[in-house]
Amino acid sequence: MSIKIKRIQSVESGDFNVNARTRAHFEVPASLGFTDLENSQVVFRMNMNVTGNDADSVDAANNMNLLPSYFAGRSQGNINTPLDIGGCQALIRNASCRSQEYGVMNEQRHQNVVNGNLDYYKKYTSEAGAWNNFNGGGNELTHNPNVYNKIQPSPFLAMGKLQELDELIDQDDANAGNVTQAVVAEVRCPLKHLDRMADGTRQFPNLAVGDLTYRLEFEDVRAITATCPDGQLYNIENITLATDGQLGGANNPLKYSFNNPMPDNAANNNNTENVNEAALDYLPFYVGMPVAMNYKKGGVAQTQHLTTIKSLNANATTSKVEIILHSQPAGNNIGDVMTEINLKLHVGNNVAIAYNVQELFVEMHCLQLSPQQLQQAQSAMSSLQIPYNEHRLVQKVLNVTGDYSETLQIEPGCAGVAVLTPLNNRIASCIDKARFYRFSIEGRYTTNRDVQIAPLINNAGLSQGRQLHNHLLQKFYGNLGEQLVRFDSPVQDYNHAEDDAGLEQDSHSFYPLVTPIVGNESIVNFQLRCEGADTMQTKEIFYVAVYPRSLNFKDGRLVM
């Protein structure tokens, strides 16, 4: 058996964005035979438009918008925090799969919210980091092993970075071949975000199901894109200005060596380690990078200077990186002593990121069977079942309260309910000051006490009460035939202060309920409360009921 990849373009042509087309569909013919749906993908050929960096008005001659961008769950001013939401799957709000012969096979509403949170627990942190380099996603800085510094790679920005010693990269040199530029990239997500049957199905008989139509609706409300937050401060060697008094100019380049980044401690300002060729990947700079420079002249702090990096040079003689800026701060003279200089990536409060999909495809992995294998497959279809999990969503509103209760009815055959509580127009579910929850089925509690939940970083030791919650998460996924491989954790990094809003608002936390699979309807009650006088914000609340389903084939035909 071999694999043939067939790319099917959407019936509609691009561009797809919030101001143009927001719907598309694909027609997948039955003539494909047998397909590997699990490894089939949705492909977005697209770019990101970054605009509005603060320094546009300060340094208008330079492009201050050469920033890495991601699908990352939120984008609001300086809290452009990367979230692990599954990358470009965040673009797909609603999706459905329809057979020309059998009608609607399955559909998903707000699948980016549902899968962005439920899938989080099914990937190891290293696996998630690798995926995000593939699908345009962002990841928590603490957990992403592929990030050496605060600047995460983005498929939509080709960064001009140093690759060898004595290499000069100049952003103004069009012939350099290594300058930073925005690019059109192909990013992709698994087909299961269009078709629930694709979750785990490796041999799907399209020839028996007939022609399929996949429909998707793009997200046009939720904040799904972001860039790096303002970067870490990196220390620059002290300098006495010479020749022309231009700090960061050609005659007074900024000199960087690897150091302990302690910009607030002058004693550590020059605690450096020489740059070597093996470690160039660790450098936190690229040409064209928007930066903010802070420094002192004669021991007096000066006004922060905003500009971009014009050129980088790895000086093999001094083992330091020389940085030249596009513009230099005014008012400096020959002989001025500059100390406590530091640079950081600058992302202004007004940055806006808009996605634009130029072309849209599905890549179907078609199984090329030998005559003997085809005969065996057709024989197996005389009595065949293909299992999958169906998601059914009930969406409600949680108003400002410290004590919330809701009752819902679940249909027969439900294997579990996940309660997601994202803030309005966000994707990542969150705790948001909640500390206790409890479920009951038909008036009987499922636990003998309230289940405790809290951020991992706090001053009250509440994280030690999460064992029951973590156990219920394991049971939830186990009841669905899946494996939980990580728990929720702080979104950005462990440097959050214990009262940081990010710990409460972006952790992918949800409330799991394992339900007995019975043949009758059940009444479920969900209770969620804060501690003391705390309250939760008004936000959306999603009740996701999961139903094990199967496609049944008899005599080579689908039985509905």
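How many salt bridges does the structure hold? The count is 31, where a salt bridge is a side-chain nitrogen of Lys or Arg within 4 Å of a carboxyl oxygen of Asp or Glu. Before you start clicking: this is a predicted model, so local features need pLDDT of at least 70 and side-chain atom pairs count only at pLDDT 80 or more, while totals for chains, interfaces and linings use all residues. Residues are numbered from 1 along each chain as its sequence is written, and side-chain values use heavy atoms, with hydrogens and water left out.

**Stop 1: a four-strand sheet**

Select β2, β12, β5 and β6, which form an open sheet in that order with antiparallel pairing. Strands here are DSSP runs of E, at least two residues long, and helices are runs of H or I, at least four, numbered from the N terminus; two strands pair if DSSP finds at least two bridges between them. Look at β2 (23-28) and β6 (103-108): each has a single partner strand, so one side of each is left without a neighbour in the sheet.

Now pick β5 (residues 92-99) and β12 (residues 212-218), joined by seven bridges. Click R98 and you'll find its bridge partner in β12, T213.

**Stop 2**

Show the side chains of E217 and R93, which meet in a salt bridge at 2.5 Å, N to O. E217 lies in β12 and R93 in β5, so the pair ties together parts that are 124 residues apart in sequence. Both are buried (under 20% relative accessible area; exposed is over 50%, partly exposed in between, with a 1.4 Å probe and protein chains only): E217 has 15% and R93 has 13%.

**Stop 3: two more pairs**

Jump to D432 and K539, whose closest N and O atoms are 3.2 Å apart in their salt bridge. D432 sits in the loop between β27 (416-420) and β28 (434-441), and K539 in strand β33 (residues 539-554). Both residues are buried. Then try E237 and K320, a salt bridge at 2.3 Å, N to O. E237 is partly exposed, at 28%.

**Stop 4: helix α2**

Finally, select residues 125-135, helix α2, where A128, G129, N132 and N135 are buried. What covers them includes β4 (69-71) and β10 (185-190). Just after the helix, G136 takes a positive phi of about 80 degrees.

How values were computed:
Contact = heavy atoms within 4.5 Å.
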